[in-house]
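I opened this entry to look up surface patches and salt bridges. My notes follow the structure.

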Amino acid sequence: MTDDHGIITERLRSLLECDKELQVVGEAGVRQELLNLLDHTPTDVVLMDVNMPVMDGFETLQQLKKLHPEVAVIVLTMLDNAPTLRRMMESVAIGYLLKDTGKDELCSAIKLAVKGTPFISSGMSIKMMQKVLHPSKEDEAEQTKNSRLSKRELEILSLI
């Protein structure tokens with residue numbers, strides 16, 4: 001587990017220790033601690049916050065995957081926006097959980113990560129579906145900018 005708030009790692013440890021199939025093998029507060037821990041401790045899954053001091057989550061994830069490609073990484077964050085989700089998944093995170101995720105969902109995500117199955121928390125999935133079903137003007141502008149369809153083709157699709 002990697003988070004700069006001790007209370008978060010303590011709470012996570014207590015939640016995970018309730019599941020007999022899971023074992024916490026270490027905790028780290030900064031990038032170098034995490035990388036040192038992984039060099040010496042067999043690890044299947046890392047839970048990692050995005051926003052930490054002295055540690056950019058995106059760079060850390062890329063470095064971690066370069067040095068330890070066998071380790072699955074689940075992002076555990078308060079950031080509930082699509083650009084962060086997209087960037088972390090492009091950086092090969094296998095899971096994305098919001099910090100308000102419950103114990104059962106957290107344990108399920110870890111077990112799925114061990115099997116190589118991607119996972120996005122239900123809270124984030126709901127937010128993403130709301131954006132798709134009820135896009136803001138900014139979302140529509142971004143979609144148009146990134147679309148391979150012309151503006152007219154997008155207008156026709158919206159009428160269907």
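Which residues form a nonpolar patch on the surface? I found Leu149, Ile156, Leu157 and Ile160, with about 400 Å² of accessible area together. Patch residues have over 30% relative accessible area and no salt bridge; like charges are joined within 9 Å, nonpolar side chains (Val, Leu, Ile, Met, Phe, Trp, Tyr) within 5 Å. Areas are Shrake-Rupley values with a 1.4 Å probe, and for residues only the protein chains shown count as cover.

I noted the source terms. This is a predicted model: local features need pLDDT of at least 70, side-chain atom pairs pLDDT 80 or more, while totals for chains, interfaces and linings use all residues. Residues are numbered from 1 along each chain as its sequence is written, and side-chain values use heavy atoms, without hydrogens and water.

I placed Ile160 in the segment after helix 8 (151-159). Helices (H or I, at least four residues) and strands (E, at least two) are DSSP runs, numbered from the N terminus. Ile160 is exposed at 79% relative accessibility (buried is under 20%, exposed over 50%, partly exposed in between; 1.4 Å probe, protein chains only).

Next, salt bridges (a side-chain nitrogen of Lys or Arg within 4 Å of a carboxyl oxygen of Asp or Glu). I got seven. In one, Glu27 pairs with Arg13, closest N and O atoms 2.6 Å apart. Glu27 lies in the loop between helix 1 (6-16) and helix 2 (31-40) and Arg13 in helix 1, so the pair ties together parts 14 residues apart in sequence.

I also checked Lys99 with Asp49, at 3.1 Å between the closest N and O atoms. This pair links distant parts of the chain, 50 residues apart. Asp49 is buried at 5%.
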